[in-house]
Amino acid sequence: MLEALTPEECNQIMGHRDRRTYTRYYMPGFIDRDCQAIYLGSPSRDDLVRAVGRLARDALAPTALADAQKFQISNDRRVLKLCQRRQYCADKIKKDLGFPTIKAAKGTEWYQRHEAIQADINNLKRQLSDACLNQAIQEFHDTIDTIEINNQLQGIMPTEVLTPSTME
């Protein structure tokens with residue numbers, strides 16, 4: 001197995017970091033070798049490895065939330081409740097304590113409360129965003145085959161046709 005790879009490739013696959021400059025700055029992120037074939041001792045399928053390495057992600061796959069989803073998260077009852085608590089702290093800082101801005105109250109108990117609530121809001125929004133995006137990705141994966149099949153039934157062929165591997 002080790003004869004098929006250079007020492008640098010072995011270190012990169014194993015996650016070692018002692019080949020400092022070369023490994024860190026000059027090794028490509030994609031190893032153009034069939035590691036499975038090396039491990040199993042089977043014939044190499046380098047053409048397949050190269051083809052897979054050049055695959056682009058599906059343009060229809062969600063990578064970020066849509067505006068409607070962001071709006072839904074901003075209007076979540078838990079987020080709104082935390083925003084009301086944050087506003088209460090802000091009002092207390094400005095009106096009751098007499099600070100012109102919230103940052104001017106830095107070091108006070110109310111400022112610390114305001115910052116803690118803001119951190120809770122950010123954490124909750126991140127959790128809701130992650131869950132919503134994961135759900136959108138899962139729905140995409142659950143329905144993409146149906147979309148592809150329906151397109152083919154309507155006579156719409158895929159834009160990219162996979163080419164068979166070449167024999168050497």
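Q: What makes Arg113 lie over the face of Trp110?
A: Arg113 is 4.3 Å from the ring centre of Trp110 and lies over its face. A charge sits over a ring if NZ of Lys or CZ of Arg is within 6 Å of the ring centre and within 35 degrees of the ring normal.

Q: What kind of model is this?
A: This is a predicted model, where local features need pLDDT of at least 70, side-chain atom pairs count only at pLDDT 80 or more, and totals for chains, interfaces and linings use all residues. Residues are numbered from 1 along each chain as its sequence is written, and side-chain values use heavy atoms, without hydrogens and water.

Q: Why does Trp110 count as buried?
A: Buried means under 20% relative accessible area, with exposed over 50% and partly exposed in between (1.4 Å probe, protein chains only). Trp110 has 17% relative accessibility, so Trp110 counts as buried. Across the chain, buried residues make up 20% of the 168 residues.

Q: How many aromatic pairs does the structure hold?
A: The structure holds one.

Q: Why is the pair of Tyr88 and Trp110 called edge-to-face?
A: Rings of Phe, Tyr and Trp (its six-membered ring) pair if their centres lie within 6.5 Å; planes under 30 degrees apart are stacked, over 60 edge-to-face, the rest tilted. The centres of Tyr88 and Trp110 are 5.9 Å apart and the planes stand at 65°, so the pair is edge-to-face.

Q: What makes this pair a link between distant parts of the chain?
A: Tyr88 is in helix H6 (residues 77-96) and Trp110 in helix H7 (residues 109-153), 22 residues apart. Helices (H or I, at least four residues) and strands (E, at least two) are DSSP runs, numbered from the N terminus. The chain has seven helices and zero strands.
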